[in-house]
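Me: I'm new to this one and would like a close look at a single part, the place where the two chains meet. Here it is:

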Protein chains: 2
Amino acid sequence: MHVDASTSAAGAPDAEELPLGVLLFIPYRALEAATMDGLARAGYTDMTIAQARIAARIDPGGSRVTRLAEAAQVTKQTAGFLVEQLERAGYVERVPDPTDGRARLVKLAARGHAARQEILPALAEVEAQWLAHIGPERMAHLRETLTMLREIADPFLKDRTGLK
Amino acid sequence: MHVDASTSAAGAPDAEELPLGVLLFIPYRALEAATMDGLARAGYTDMTIAQARIAARIDPGGSRVTRLAEAAQVTKQTAGFLVEQLERAGYVERVPDPTDGRARLVKLAARGHAARQEILPALAEVEAQWLAHIGPERMAHLRETLTMLREIADPFLKDRTGLK
DNA sequence: ACCGGTAGTAAGATCATCTGACTACTATCG
DNA sequence: CGATAGTAGTCAGATGATCTTACTACCGGT
């Protein structure tokens, strides 16, 4: 392989100096790719990554569009649009929210549950590879640390707890 | 504040059970938001987040479009398109790559460097908040762990080192 | 009852990204 | 040296993702 000036700077010496944003992007993106792989392997070719992002945030008892929007950090219009697509494809259903006449709850339909059952093992597989590479302590530490960061970095959570 | 069925499930009991992908998304997204804040505050209103993602990956000596595409995990057409926009806006310049007659190097122009000087403190501010919240050990550990994950999770890096 | 705030939908516009295709250059091999 | 496989970057067309503005109907507090 020909090594030229534009690539020679890409070796290990840079590894410690990458911006945190770039470092966070890589595993995040890998898990999204795994999600799409899991879906594709199971034949679910009609769910886009943006839809999957929304679907992943639907609570067991159902979630409102506005809540999904906040959790995914998109506008309610975007969330509504994606929910609409998911509903059309049979992944979710929308039912009235018994506690508020304006609202509706988005729930996973059977197809949505089935798709989730294909995504989870794909994610587990990637996480197992990470576990094998960095060890169980680091893995647990990572989850802990990210959970702590969420306390101050998640605009949705800050809104809810009044920490903002 | 009215607590209803759709929101009552969002409390602290769920915190330990969030998917890793969601946990990674939150800080990642926060840093992207900080980037855009830093730019806006300095008056750079003509750089989009996708452009910023590309610009962030330009090496000091310049980078090829294909390399930027790999690093940002988009197609070369997308990278080229974003570089074109950055060039038009004066953030980057493109010069011939002396080592390959087909290629060109994308370098930060003066405006690009100036914009980067506004982004960095905005990122540093957010990271300082994280540091204050989780402590220096966890912060260092996080960077280490993410750096290790990059070794196996970064398709670009795997290509380069032949680990794939 | 009034009013400020909120849930969700409509409409229009822009940004982000992909696939397929092509030309020109590079590196390798016989 | 010529042939060939592979690569860098550009063109063209299409689609997905997201935002802003606006609006109607419902909710909760005074």
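Which side chain meets Arg138(B) in a salt bridge?

Reply: That partner is Glu144(A), with 2.6 Å from N to O. A salt bridge here is a side-chain nitrogen of Lys or Arg within 4 Å of a carboxyl oxygen of Asp or Glu. Before going on, some ground rules: this is a predicted model, where local features need pLDDT of at least 70, side-chain atom pairs count only at pLDDT 80 or more, and totals for chains, interfaces and linings use all residues. Residues are numbered from 1 along each chain as its sequence is written, chains are lettered from A and ligands numbered from 1 in the order in which they are written, and side-chain values use heavy atoms, leaving out hydrogens and water.

Across the interface of chain A and chain B, the rule finds 2 salt bridges. It also turns up 13 residue pairs in polar contact, both residues at pLDDT 80 or more (a pair of N or O atoms within 3.5 Å; within protein, one must be able to donate a hydrogen and the other to accept it, and residues adjacent in sequence count only if both atoms are side-chain atoms).

On chain A's side, helix 1 (20-41), helix 3 (65-72) and helix 5 (110-153) each give two or more residues; helices are DSSP runs of H or I, at least four residues, numbered from the N terminus. Helix 5 of chain A provides the largest share, 20 residues. By type, that side of chain A splits into 29 nonpolar, 12 polar and 17 charged residues (Ala, Val, Leu, Ile, Met, Phe, Trp, Tyr, Cys and Pro are nonpolar, Asp, Glu, Lys and Arg charged, and the others, Gly among them, polar).

As for the whole contact (heavy atoms within 4.5 Å), chain A puts in 58 residues and chain B 58 residues.
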